[in-house]
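Please keep the sequence and the structure at hand while reading.

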Amino acid sequence: MNRFITVVLIAISSCAGFAQTMPSGADPKLWQRALRLHRSAIIVDGHNDITGPMMDQDLNLATDTTGMIQVSGDPVHTDLARLKKSGITGEFMSIYVSGSTLQTGGSMRRAMDLIDVTNREAERHSALITCTTAAEIRLAKKRNQVCLLMGIEGGYAIENSLYALRNFYRLGVRYMTLTHNVAHDWADAHRDIKHNGLTEFGKEVVREMNRLGMMVDISHVSEKVMHDALDTSRAPVMASHSGARGVNDHTRNVPDSVLKRLPQNGGVIMVVFYPSFLDERTNREENERTVRLKPQVDALREKYKDDNAAFVKAENELMAANPIYIADYKRIVDHIDHIRKVAGIDHVGLGSDFDGVPFLPPPMKGTEDLVLVTYEMLRRGYTETEVRKVLGENFLRAFAQAEKVAGHRQISGQGSLKKIK
Ligand SMILES: [Zn+2]
């Protein structure tokens, strides 16, 4: 393709803008400013679970997923067009391994499979590219491409092997969430305590991650593990998808005692979008509904035991008939405000958990609505520099610092990026 056509195509795609409708009551001038800022910023999202449907439903991201439902019954939030509209440059694809594999085995195999589907998806679409360094993310922004990055969720995926950890790094994995919801051989989870923190081997894992340049993710872990990780890590830590306990006292969120240590560590808390983690009332009403409707959900599961699609449809209809209060997108910025207050503006980012949650804060429907967060930060008086930090610059700084600590000779971004056809 000649240079002129390339330039025109880039111009067209970057003018495509964002499809979101302005929220009711919004200031049109500020909305336009938010769109402009959002378009020019580098945006990194810490956590996206679309890898599950890519693997289990053979989802090609070129498919229009609007209105689509996952096998689990949760809505699909991501596809190629929606990602483009989101403004995201770096999307962390979750290499999520269920805690049930601690019983069944197969955790490393699952991780390997998900790494393959992520790479194949990037190979399939020229708008996508896999990235492993901060420099590559910056270069992809210039080239108008979306970077897929990878983070393992559930440290048991290494099956207690530092050999495996090193190979995951070589395959492109750049963070690892030390646990998911259950404790395992070397770390405690937020709601499952077995060791009172990280074991000696757990600390060895953190040190090896530092040496490699793989970031230590403290989402999902217990408070003691967060502190042990901070005591052990020489590199900035991250929480790929958590809120602040100071706003909603939920074990999945990060307490002030940890936030206060971030200026020294250099880490970033990437705020999750799941309303039950963001908001006490949503969490309470969701839990109450789950208990109240359990007999009906069990009956539906029995009735449709041979037809999962019919089951998830009936279950979703039951939920729709029993609505709960769901906190809206402004609640995300309450958490950003709090982290800014306690840790400082340099230590907060975005970690949506798109495709990993049953509902998003309205009117957000998927990746395409990310600009709502930018708008709300501007509305609250954040400067453009501050907004850029939250959207991606803080993560990029921490990521680059982790690369430095690793002391690796990094391959230049230029050399390892594929060319635009
Ligand atoms: Zn998670």
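## Basis of the description

Helices (H or I, at least four residues) and strands (E, at least two) are DSSP runs, numbered from the N terminus. Residue numbers start from 1 along each chain as its sequence is written. The model is predicted, and local features therefore need pLDDT of at least 70, side-chain atom pairs count only at pLDDT 80 or more, and totals for chains, interfaces and linings use all residues.

## Overall build

The chain holds 19 helices and nine strands. Its radius of gyration, which is taken over C-alpha atoms, is 21 Å, close to the 22 Å from the globule rule for 421 residues, so the chain is as compact as a globular protein of that length; the rule itself is 2.2 Å times the number of residues to the power 0.38. Along the principal axes, the C-alpha trace of the chain spans about 60 × 50 × 45 Å.

Of the 421 residues of the chain, 49% count as buried, where a residue is buried if 20 or more other C-beta atoms lie within 10 Å of its own, exposed if 12 or fewer, and partly exposed in between, with C-beta atoms placed from the backbone. Two residues are in contact if their C-beta atoms, placed from the backbone, lie within 7 Å. Among the contacts in the chain between residues at least 6 apart in sequence, 75% join residues at least 24 apart.

## Two domains

The domain assignment, whose bounds come from an automatic or database source, divides the chain into domain 1 (27-279 + 327-408) and domain 2 (281-325). The C-alpha centres of domain 1 and domain 2 are 28 Å apart.

Between the domains, nine residues of domain 1 are in contact with eight residues of domain 2. The side of domain 1 that touches domain 2 has four nonpolar, four polar and one charged residues, where Ala, Val, Leu, Ile, Met, Phe, Trp, Tyr, Cys and Pro count as nonpolar, Asp, Glu, Lys and Arg as charged, and the others, Gly among them, as polar.

## Strands E1, E2 and E4

Strand E2 (residues 88-96) is mostly covered, with nine of its nine residues buried. Strand E2 pairs in the parallel sense with strand E1 (residues 43-48) over four bridges, and E2 also pairs in the parallel sense with E4 over seven bridges; two strands pair if DSSP finds at least two bridges between them. Val44 has Gly90 in E2 as its bridge partner, while Met93 stands opposite Met150 in E4. Six of the six residues of E1 are buried, so E1 is largely enclosed by the rest of the structure.

## Backbone geometry in the loops

Most residues other than glycine have a negative phi, and most peptide bonds are trans. The peptide bond from Pro362 to Pro363 is cis, with omega near 0 degrees, and Pro363 is found in the loop between strand E9 (348-350) and helix H17 (371-379). Asp353 also lies in the loop between E9 and H17; although not a glycine, Asp353 has a positive phi of about 70 degrees, and it is buried, with 25 other C-beta atoms within 10 Å.

Asn160, another residue other than glycine, has a positive phi near 55 degrees. Asn160 is placed in the loop between strand E4 (146-153) and helix H8 (162-170), and with 13 C-beta neighbours inside 10 Å it counts as partly exposed.
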